[in-house]
Amino acid sequence: MSLHDRLEEIPASGIRRLFELASKYRDVISLGIGEPDCDTPEHIKDYAKEALDRGLTHYTPNNGLKELRDAISDKLKKENSFFADPEKEIIVTTGGNQAFLLIWASFLREGDEVLIPSPHFVTYSATVRLAGGVPVEVPLKMENGFRLTTDDLQRHLTDRTRAIVLNSPNNPTGAVLTEGEVRAAVEFAEEHCLRVVSDEVYEKLVYDGIRHVSPASVASEPGMVITVGSLSKTYAMTGWRIGYSAGPEELIARMVKFQMYLSACPTSFAQYAAARALSDPKSCAAIERMRSEYARRRELIYRRLLEMPGFRVVKPSGAFYIFPFVGNDISLSEKLLVEARVATVPGSTFGAAGRGHLRLAYTAPVERISEAMDRIEDVLNR
Ligand SMILES: Cc1ncc(COP(=O)(O)O)c(C=O)c1O
């Protein structure tokens, strides 16, 4: 099948559609789009300005600036407890999003299957299909806290299965895998010779003292895990489009070749600022301020949603999403936009297992979240 035909088969992003619909109404409180409401920390903006002044405005290597790959390698060693060679095992990508198509293209063949615990971030299934693979949803249940078990994986394993996606902290559920769950999933993958693609873009947004564990740090087979990271969410840098992947040399080499023909490289001065941001202690303080603010909002939104008539909800442990069960997600999401002027995303956007849920992003100030909850409650009580 041609790339054109595959593209025709893939639906447009439901989140973007909602964003466009919401722009038609006034005074909308957006709990829809998953993007930090805070500005990029000042010191990171200063680094980008400095890069511009120094004339760092040229193409960089296809795999990204050396300074940034070095900073990523240091970070992975210190924070994620695994080593990736900055020369051969790391690529800087145009946001974490771009990494997925590059990853699938680096090892999937036509008809290969990828297990995707679901509900899931929309990019995974779309990019697997674009690369000629078959996304296989592994449905997770709210009643089990959206936890992933090896029994779930086993039920969907076939002789065409090549990879498993892990996304912890999770978009859209906010679930965070425990170390035991990460180990079990990695052991399962090793036993069945599957690659693990681990999306860790929310790694620093965890609450209640929970620790994020990278699958690459517990794998005994080197090179079977491909880790995806990004500065978008944790550093409030969504528009800068800086992400990265770490994985085995032969896969990274193919990703670099693909990137050459896509964008050549991510934006040079954004890469420079990202390199400085990763190694500057000021970033830790800025991230902690943002994280504790999200933690405060999480308490509020969870408490308010618990009281909503007809809703069922589990408390998320990470990211900045909450995913209550509400009944008819598509009609309620529309009703809330039209009657309450609150933008949410229907859960079915995130796969069949998301049907009946709404995704709310607590990326608005506490007062606005509080007002959004009052408005939703009014509509539900009408
Ligand atoms: C789970 C997950 N992974 C990856 C991304 C990609 O983010 P970016 O391309 O901004 O790095 C997102 C963005 O929403 C996400 O939610």
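## Ground rules

Residues are counted from 1 along each chain, following the sequence as written. Since you're looking at a predicted model, local features need pLDDT of at least 70 and side-chain atom pairs count only at pLDDT 80 or more, while totals for chains, interfaces and linings use all residues.

## Two domains

The protein chain splits into domain 1 (3-40 + 283-381) and domain 2 (58-280); such bounds come from an automatic or database domain assignment. Taken over C-alpha atoms, their centres sit 24 Å apart.

Where do they meet? On the domain 1 side, 39 residues are in contact with 36 residues of domain 2 (contact puts two C-beta atoms, placed from the backbone, within 7 Å). Helix 12 gives the most to that side of domain 1, with 7 residues (helices are DSSP runs of H or I, at least four residues, numbered from the N terminus).

## Around the ligand

There are 13 residues around the ligand, and Gly-95, Gly-96, Asn-97, Ser-230 and Ser-232 come nearest (near means a C-beta atom, placed from the backbone, within 6 Å). Helix 5 (residues 95-107) supplies the largest share of this shell, 3 residues.

## A look at Ser-106

Ser-106 is also found in helix 5. Is Ser-106 buried or exposed? Ser-106 is buried because 23 other C-beta atoms lie within 10 Å (buried takes 20 or more, exposed 12 or fewer, partly exposed in between, with C-beta atoms placed from the backbone).

Leaving out residues up to four places away in sequence, Ser-106 touches Leu-251, Arg-254 and Met-255.

Key. Helix = DSSP H or I, 4+ residues; strand = E, 2+ residues; numbered from the N terminus.
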